Amino acid sequence: MARNVYMYIAVMAGVSFLVRVLPLTLIRKPITNRFLRSFLYYVPYVTLAVMTFPAIVEATQSPLAGALALAAGMALAFRGVGLFGVAASCCAVVLVAEMLLCR
């Protein structure tokens with residue numbers, strides 16, 4: 001069975017196109033359901049968190065260093081520190097934790 005790469009690309013393009021076009025064509029009225037609106041509001045945040053969390057823990061030599069940086073970043077963000085401050089603090093936490101844990 002010969003594999004046709006162009007067929008794979010065409011199917012992938014068709015699926016990607018349908019995922020974007022079907023909601024536009026099938027949902028013509030504004031969504032009024034409160035539950036569905038709140039669910040759709042949080043989808044981008046959840047997607048970002050799901051993609052980011054494993055990278056935070058696995059990007060360091062020790063998963064504990066990544067977890068400590070995550071906890072520090074969450075605490076600082078909860079206190080209202082800006083993005084640059086949180087990122088710099090997380091980098092500092094990872095640096096110190098790696099120095100202590102990976103001797």
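User: How do I read contact range in this protein? What share of the contacts with a separation of 6 or more comes from residues 24 or more positions apart?

Analyst: Think of sequence separation first, then of space. In this predicted model, residues 24 or more positions apart account for 52% of the contacts with a separation of 6 or more.

User: Which secondary structure elements carry the chain?

Analyst: Count them, then read their order. The protein has four helices and zero strands. From the N terminus on, the order is α-α-α-α. The radius of gyration is 21 Å, well over the 13 Å that the globule rule gives for 103 residues, so the protein is more spread out than a compact globule.

User: What does the C-alpha trace span along its principal axes?

Analyst: About 55 × 50 × 20 Å.

User: And burial? How much of the protein is buried?

Analyst: Buried means under 20% relative accessible area. By that cut-off, buried residues make up 10% of the 103 residues. The accessible surface comes to about 9,000 Å². Carbon and sulfur atoms hold 74% of that surface.

User: Where does α2 kink?

Analyst: At V43, shortly before the proline P44. The kink is about 35°.

User: What happens at the start of α2?

Analyst: Look for a side chain that meets the backbone. A side-chain oxygen of N33 comes within 3.0 Å of the backbone nitrogen of F35.

User: Take I56 in α2. Is I56 buried or exposed, or in between?

Analyst: In between. I56 is partly exposed, with a relative accessible area of 29%. Beyond its sequence neighbours up to four places away, I56 touches G66 and L70.

User: Why does T60 count as buried?

Analyst: Apply the cut-off. Buried means under 20% relative accessible area, and T60 counts as buried because its relative accessibility is 17%.

User: What does T60 touch, leaving aside neighbours within four places in sequence?

Analyst: T60 is in contact with A65, G66, V94 and E98. A polar atom of the T60 side chain lies 2.6 Å from the backbone oxygen of S62.

User: E98 is on that list. Which helix holds E98?

Analyst: Helix α4, residues 83-101. E98 is buried, with a relative accessible area of 15%. Its contacts beyond four places in sequence are T60, Q61, S62 and A65. A polar atom of the E98 side chain lies 3.3 Å from the backbone nitrogen of S62.

User: So what do the T60 and E98 side chains each approach at S62?

Analyst: Read the backbone atoms one by one. The T60 side chain approaches the backbone oxygen of S62. The E98 side chain approaches the backbone nitrogen of S62.

User: Last, the chain after α4. Which residues does C102 touch?

Analyst: C102 lies in the segment after α4. C102 touches Q61, S62 and A97, not counting residues up to four places away. C102 is partly exposed, with a relative accessible area of 35%. Finally, compare sequence with space: C102 and A65 are 37 residues apart along the chain, and their C-alpha atoms are separated by 9.7 Å.

Notes
Residues are numbered from 1 along each chain as its sequence is written. This is a predicted model: local features need pLDDT of at least 70, side-chain atom pairs count only at pLDDT 80 or more; totals for chains, interfaces and linings use all residues. Side-chain values use heavy atoms; hydrogens and water are left out. Helices (H or I, at least four residues) and strands (E, at least two) are DSSP runs, numbered from the N terminus. The radius of gyration is taken over C-alpha atoms; the globule rule is 2.2 Å times the number of residues to the power 0.38. Buried means under 20% relative accessible area, exposed over 50%, partly exposed in between (1.4 Å probe, protein chains only). Contact means heavy atoms within 4.5 Å. Accessible areas come from the Shrake-Rupley method with a 1.4 Å probe; for residues, only the protein chains shown count as cover. A polar contact is a pair of N or O atoms within 3.5 Å; within protein, one must be able to donate a hydrogen and the other to accept it, and residues adjacent in sequence count only if both atoms are side-chain atoms. The bend at a residue is the angle between axes fitted to the seven residues ending there and the seven starting there.
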